[in-house]
Structures are given as C-alpha cells and as structure tokens.
Amino acid sequence: MMTIKQIDVTVRDIVDGYINNDEQGVRGYGGRLDIRPPYQREFIYNDKEQQAVINTVMKGYPLNVMYWVKRSEDAECPYEVMDGQQRTLSLCDYVAGKFSVDFKGFFNLTPDLQKRILDYRLTVYLCEGEASEKLEWFQTINIAGKPLNDQEIHNAIYAGPFVSDAKRHFSKTNCGAYRLGKDYVNGSPIRQDFLKKALEWMAQHETRLGKPQTPVGYMAAHQHDPNANNLWTYFQNVLNWAITNFDPRKFRKIMKGLDWARLYDDFSPRTLDLAALHAEMSRLMRDSEVQRPAGIIPYVLTRDERFLDLRAFPDDIKLAVWEKQNHVCPLCHKEFDIALMEGDHITPWREGGRTTEENCQMLCRECNRRKGAK
C-alpha cells in the first residue's frame, strides 16, 4: 500500500554531508538523499532562478512543495529527489559558497541571516509504495519545473544497483553509450534517451528469443541485479556490428535512428558483401524515386521496398493516363471511376522503371492488388 507523508526537513538537514561529483552524483541529508543521482540529467537553474530561490527563503516566503521517493531496501542511498531537484541544488550550492546573491555569499552574511536560511523549513512529501503506485503518483505530480520524462520516472521507481550502473554507461554527457552510438541513436544521454533505447532493444531481443518482454518489465526483472553488464554488452554488440558494416563517414545521413538491434539480430550471423551493399546504398541515395532515405539500409538487407517509400504517381499523371485508357482497366477490361483506380508502374522500380507518364498504367484496385502479390 502506497503511503505519502509530509516530513520535517530544514535547509540545515539538506546541506548536511553535501557532496557534488561525477562518481557519487549530488547527495545531501547526511548522505541519505540523492539530490541528483550519478549520471542523471545535468540541468541547472540559471543565475536569476538560483537567486530567486535564496531570496524566497531569506524572506520567509513559502517555497514550492518538493517530492522525495523512498527507494528499495537494497538501494545504497535510501531517498531520491523526484521534484524539487534544482531548488535543492540552489540551496546547497549557496550554503557551500558557490554563488552569491546581491554580491553576498553565504559566508558574508551575518550569523542571524545564516541561521534564518539554515532553519528554513521545506515542504517535503515522501512517497513509499509499489512500482505501479509510484508511477501513477509521479505522473500526477510531474507538472512543475523541467518535467521528468517517462524513463526518468522509471529510473526512480526501479532504483537499485542495476539502474545505478546503467546510468553510468548510458546517462552521462559523453558517456560510453554516447561515444559509441552518437551517429546511430537519436536523443541525449542526460534525458535518458540512450538508456531508453538500450532497454527497448534488449526487450525486443528477448521477445524475439521467445521470452516476451517490455522495457519496463526488463527493468523490474533486473532491478536488484548487481550491475547492468548484460544490457551494456548487448548495446555494444549491436553498435559495434553497425559500425563495422556501415561507416558513418560515408552514410551518416541515412543511419541515425534505425532499429539497429533488429538488424543486428537478423543479419549479424551472415557474412555481408559490403562492397556491393555500399555501392547500392550510394546509388539509392542519389535516386529521386526514393522518398525515405532512412530506409535504404533496411532495404538493402531485407529487400522490402516499403522501407523506401518509393515515389507515387502524382494526380496529374494518373488523370492523364486514366483519360488515355478511356477509364478502362487494361487487365480486367472493365470501366472504373478514377477514384477506384490506382497508378501502377508498368516496369517496376527494381527493374529500372521510373515514375513517369510513359511508365504508368491505371489499374482497378483488385487487379493492382493481384499484380502486386505476384
């Protein structure tokens, strides 16, 4: 059963044991609170926003509610800030002397003003419960500041040694996953896009092996693992295969954001004729018939033309050909309204046919489907 309770916390409590470094992240509250866990996103308030937090506290005005979550019993650090991270960081950094307000740092203040800040009581709600309950609650309160995305919420819900180690590989600026996959994976490590993609790939991989899985299910199943080595190894295997076979120096424009894990699972056991593939890819990149260049690599491996989104006949060509045919389908010899007919390449694209009036015939839908199925 989930519990949400208000706890008594002062600025003095928060800044106790404050540390801020890459290896341990940002911690306070006697080392028991992950203010910013290691390798989490690195957003930070600007000077004006930081100063506003301190002015609010110095004047005794209420600071917005903050939310913490209690982690699983095996978590190294028992609490994590879910909402209020930047306000907490601003308070800690000011007390640590990292910035000033009105040209005064914390250590320049008189003792009574220092005490006023340190004794200021924060409004903090602590959530403890099952993963599904936390998810619903986080989605409800995730409305202020820089909202957490779904992956960041899942990281908090399934906090433990697995997530902590996964963040080390996937969630830091210039982390290993980014250095390896920046030309192949969309997004930003600090917004958890690389971790999200790795989990999606691993879940798909396990599903293809006959063990149906989802990214969140994988996190739940491995929450208490001592590390994320299997996830990191699979991610590296996928991208090392992609790098070996598709050089970003030649094909960067068409390779980012592909489902590399599916291509790896399906084609890594095969020996590819790279010279032939690369020559064909270069030709397809110059082919005006190809409307979706990002589909070129999947196409040369699978031969599925749907990846290319080949150019379709425009309405003016279809109307001209329909009139030339006297509204009759040349295969079944029946007359149709143009709305019931479709443009068809007489010579298919794969055999060199182009999307021109000379290479167009208007077929009824049934005949076109039958021809396409052959």
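Trainee: Which residues is R292 in contact with, leaving aside its neighbours within four places in sequence?
Mentor: F307, L308 and D309, where contact means heavy atoms within 4.5 Å. Keep in mind that this is a predicted model: local features need pLDDT of at least 70, side-chain atom pairs count only at pLDDT 80 or more, and totals for chains, interfaces and linings use all residues. Residues are numbered from 1 along each chain as its sequence is written, and side-chain values use heavy atoms, with hydrogens and water left out.

Trainee: Where does R292 lie?
Mentor: R292 is in the loop between α14 (274–285) and α15 (296–302). Helices here are DSSP runs of H or I with at least four residues, strands are runs of E with at least two, and both are numbered from the N terminus.

Trainee: What separates the C-alpha atoms of R292 and L308?
Mentor: 5.0 Å, with the two residues 16 apart along the chain.

Trainee: And how exposed is R292?
Mentor: Partly exposed, at a relative accessible area of 37%. Buried means under 20%, exposed means over 50%, and partly exposed is in between, using a 1.4 Å probe and protein chains only.

Trainee: Switching to K5, where is that found?
Mentor: In strand β1. K5 is also partly exposed, with a relative accessible area of 47%.

Trainee: What sheet does β1 belong to?
Mentor: An open one of seven strands, ordered β1-β7-β5-β6-β4-β3-β2, with mixed pairing. Two strands pair if DSSP finds at least two bridges between them. The edge strands, pairing on one side only, are β1 (3–10) and β2 (19–21). From one strand to the next the twist averages 30°.

Trainee: How many bridges join β1 to β7, and which way do they run?
Mentor: Eight bridges, and the two strands are antiparallel. T10 stands opposite R121 in β7.

Trainee: And β5 with β7, parallel or antiparallel?
Mentor: Parallel, joined by four bridges. M66 has V124 in β7 as its bridge partner.

Trainee: What about β3 and β4?
Mentor: Strand β3 (residues 25–28) runs antiparallel to strand β4 (residues 33–36), with three bridges between them. V26 sits opposite R36 in β4.

Trainee: Which helix lies across these strands?
Mentor: Helix α3 (residues 85–95) does, lying across β2, β3, β4, β5 (66–70), β6 (79–83) and β7 (121–128). Its direction is at about 100° to β4. Axes are lines fitted to C-alpha atoms, for helices over the stretch in contact, and angles run from 0 to 180 degrees between N-to-C directions.

Trainee: Now helices against helices. How do α7 and α11 cross?
Mentor: The axes of helix α7 (residues 161–170) and helix α11 (residues 229–245) come within 9 Å and cross at roughly 30°. That makes α7 roughly parallel to α11. Under 35 degrees counts as roughly parallel, over 145 as roughly antiparallel, 65 to 115 as roughly perpendicular, and the rest as oblique.

Trainee: Which residues meet there?
Mentor: F162, D165, H169 and F170 in α7 meet N229, L231, W232 and F235 in α11. By class that contact has five nonpolar, two polar and one charged residues. Ala, Val, Leu, Ile, Met, Phe, Trp, Tyr, Cys and Pro count as nonpolar, Asp, Glu, Lys and Arg as charged, and the others, Gly among them, as polar.

Trainee: Is α7 mostly covered or mostly open?
Mentor: Mostly covered, with seven of its ten residues buried. Among those buried are V163, A166 and K167. The cover includes β6, α6 (150–157), α8 (176–181), α9 (193–208), α10 (215–222) and α11.

Trainee: How do α9 and α10 cross?
Mentor: At roughly 90°, with axes coming within 8 Å. That makes α9 roughly perpendicular to α10. L199, E200, M202, A203 and E206 of α9 make the contact with P215, Y218 and M219 of α10.

Trainee: Last one: how many helices and strands are in the chain?
Mentor: There are 17 helices and nine strands.
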